[in-house]
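Dear colleague,

I am handing over the structure we spoke of, with its sequence, and would be glad if you looked at it before reading my notes.

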Amino acid sequence: MAVSMTHTSVPDWGDVLVPAKHTPVHYIVVTCSSDATASGLPEHAQRISSGELDTVLERARVGWHFVIVGRHSHAGAVRARLVSAGAIDSEISIVLTDSGVEQERRVYCPHCGHVTSTPVAVGATIACARCAAPLVVYYHYSRRLAAYLGYRVDSEDLP
Amino acid sequence: MTLHLRVTRTDALAADVRQLVLASIDGGTLPSFTPGSHIAVECGEGRRNSYSLTGPTIEPDHYTISVRFDPDGQGGSRWLHDVAVGQTISVGLPRSDFAPVLNARHHLLIAGGIGITPILSHARAAVAWGRSFEMHYAVGRDRRTHIAELRDLCGDRMTVYPGRVGLWNALDPALRQQPLGTHLYTCGPASMIDEVTDRAAAAGWPTERVHTERFTVADFGPGAPYAAKLARSGRVVPVAPGVTLLDALLAQGIKVSNLCRQGVCGECRLPVRGGRIEHRDHYLSDDERSTGDAIMACVSRAAGEQLDLDL
């Protein structure tokens, strides 16, 4: 794929905590699974699971900072939930617990609307788990859906 | 583009504040604008001041500005306090670097003194579109302007403070209980804006949520002399202490478009090829400052002996 990945919408989240540029007064660490941990997390943070997030967001205030710890596919979904609740990028840090080319990725099927989660590299092909359409995992990531756009591998050949 | 507008009405809103209502000469609609916008008004020979628009924003049949008389100014506000109904004045198109963030959950509006003018426009839009907001307005009892209109618009969403102390006492707790997704907008004297931004930062607010509209800038002193080298033509323009880069270039016949001359509007931005910059403006972002490839010629200076401009 002759594409410079820095110019795509593929997220550049890493496995190291990047501190906020401002000084938040309260930290919430959202862990996406029970085994999700990372070093260097803020000491006095309130730790919650992603299942508790909606309850916490009901009383969330400006001045809070959210640190998401988890796998790429899960962290992206938590981030989307935070943004829909009003958070902005500078209030969210993401620490990935998985890495590598074949991370688990969520892939959106534009033919049936289903999102398939599977370990796959960007540019590879999967079958949609619902409609079985053969989908190329495109380097187009929707932060709202927390999913990559898939398109039919044979879309140019179909009548 | 310049609009030629007729003064259709004037009102004294306070001892030193005069409201001017301006309409097009043919009675037609004027360009719409985003809440918080201002216009540059020609007020006397070669003089232009910026004033916030306080009236309706969508296809308005008039623009309304409130002009505070500044006895220490350069005469622009005096000229506008003397202008008569029926007279024609020239104004630029509305501009804004202070628009409401449309996906905000809540809007926290903070005004001091005559800084109420762009904030009034925000409140009017918030009411019209059903946006959640609250208003904090610090103003001396004898300097209150637009107060009846504000009470109509805001009701119990507005708190008026007779001085800064009351504002700070209310603001500190208010800053700590804003729902996630709130944006803050403030306009007033520079010292008040600085304190609002400091208190917001201390309450953990990221700068992206804090929006400021400044009409005065801090006094940095005259600065040291330096040479501005025009890299494309090879010309060298000396810039003396107390003279702005903008004035030095204009004096040499080099055309630089400019408007506010206060480092606010962004009109006089010039590309820089080399040399360190002492940024004194309120326009460039932190990232743009550290990149160092642009200077606001009306206020900022070289930090060294030479500045290479891409001109």
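Predicted model: local features only at pLDDT ≥ 70, side-chain atom pairs only at ≥ 80, totals over all residues.

Residues are numbered from 1 along each chain as its sequence is written, chains are lettered from A and ligands numbered from 1 in the order in which they are written, and side-chain values use heavy atoms, with hydrogens and water left out.

Over all chains the structure holds six aromatic pairs (rings of Phe, Tyr and Trp, the last by its six-membered ring, with centres within 6.5 Å; planes under 30 degrees apart count as stacked, over 60 as edge-to-face and the rest as tilted). One of them joins Y138(A) and Y151(A), whose ring centres are 5.4 Å apart and whose planes stand at 80°, so the pair is edge-to-face. Because Y138(A) lies in strand β8 (residues 134-142) of chain A and Y151(A) in strand β9 (residues 147-152) of chain A, this pair ties together parts that are 13 residues apart in sequence (strands are DSSP runs of E, at least two residues, and helices runs of H or I, at least four, numbered from the N terminus). Y138(A) is partly exposed at 29% relative accessibility, and Y151(A) is partly exposed at 32% (buried means under 20% relative accessible area, exposed over 50% and partly exposed in between, with a 1.4 Å probe and protein chains only).

In chain B, the rings of F98(B) and Y185(B) have their centres 6.2 Å apart and their planes at 80°, so this pair too is edge-to-face. Both F98(B) and Y185(B) are buried.

Strand β10(B) runs parallel to β11(B), to which five bridges join it (strands pair if DSSP finds at least two bridges between them), and T186(B) stands opposite T212(B) in β11(B). Four of the five residues of β11 (residues 210-214) of chain B are buried, so this strand is largely enclosed by the rest of the structure.

The largest nonpolar core has 35 residues, of which L57(A), F66(A), I68(A) and L82(A) touch the most other members (a core is a set of buried Ala, Val, Leu, Ile, Met, Phe, Trp, Tyr and Cys residues joined through side-chain atoms within 4.5 Å). Its largest share, four residues, comes from β8(A).

With best regards
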